[in-house]
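Here is a short note for a first look at this model. Please read the points with the structure open.

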Amino acid sequence: MVLLARTTPLEEVKKPSEGLSLFFIDFDKSAPGLDLRKIKKMGGRAVDANEVFFDSYRVPKDTLIGEEGQGFKIVLHGMNAERCLLAGEALGLGYAALKRAATYAKDRIIFGRPIGMNQGIQHPLAAAYMDLEAAKLATYHAARLYDRSKDDSSIPQHAIGVACNSAKYLAAEAAFTACERSVLAHGGMGYAQEYHVERYLRECFVPRIAPVSREMILNYVGERVLGLPRSY
């Protein structure tokens, strides 16, 4: 596992984020000092999640990633790429949900006509699609900026952070809207596992929460872009 651990005592650093180092360790579940407790989740069941407790667990020195004490900076550097990744996940969920909803709206016949002929069904799905398209462009922009920054030193990290945060926020919100409206377009059957949209709605909460909350993204943009005072 990739482990972030304190290697310099807290009282010896200026900020709590300093003195942390990153390690890539063999995850030996039988080793002393390690306790794993599986978390039962609403979704994402293909991958398990665990609470991890360490008690005098030994970490070999040769598993250090990068420089000692720079672990938190390394984690932050990877979070921009992770924001792009989560944005892509959100977009996929949104498009998949809309495809299911559109198919159902064409196939479901009520009073001799498909329910998709009703603007109350059609317009919310169309608006959700356009939101996804806009978020997709923001995601492509952020990913392109992140990739170009490796070879172009003129691209500031600040600009990458704004782009990646914005893409993740917009994609997550667009996906949630698309998944919710897809469930509602199915009526009562949207709650049935048979049509899959209920699980898309469950899964789309992940991009809204991880790797950083919506509120922290709004804080970031408010402070770094608009120059507003820190709110927390």
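1. The protein chain has a radius of gyration of 22 Å, but a compact globule of 232 residues would have one near 17 Å. That radius is taken over C-alpha atoms, and the globule rule is 2.2 Å times the number of residues to the power 0.38. Along the principal axes, the C-alpha atoms fill a box of roughly 75 × 45 × 35 Å.

2. The model is predicted: local features need pLDDT of at least 70, side-chain atom pairs count only at pLDDT 80 or more, and totals for chains, interfaces and linings use all residues. Residues are numbered from 1 along each chain as its sequence is written, and side-chain values use heavy atoms, without hydrogens and water.

3. The chain holds six helices and seven strands. These are DSSP runs numbered from the N terminus (helices H or I, at least four residues; strands E, at least two). The order is β-β-β-β-β-α-β-β-α-α-α-α-α.

4. Helix 3 covers residues 157–185. The expected span is 1.5 Å times one less than the number of residues. Just after this helix, G187 has a positive phi of about 65 degrees.

5. F27 sits in the loop between strand 2 (20–24) and strand 3 (34–39). F27 counts as partly exposed because its relative accessibility is 32%. Buried means under 20% relative accessible area, exposed over 50%, and partly exposed in between (1.4 Å probe, protein chains only). Of the 232 residues, 34% count as buried.
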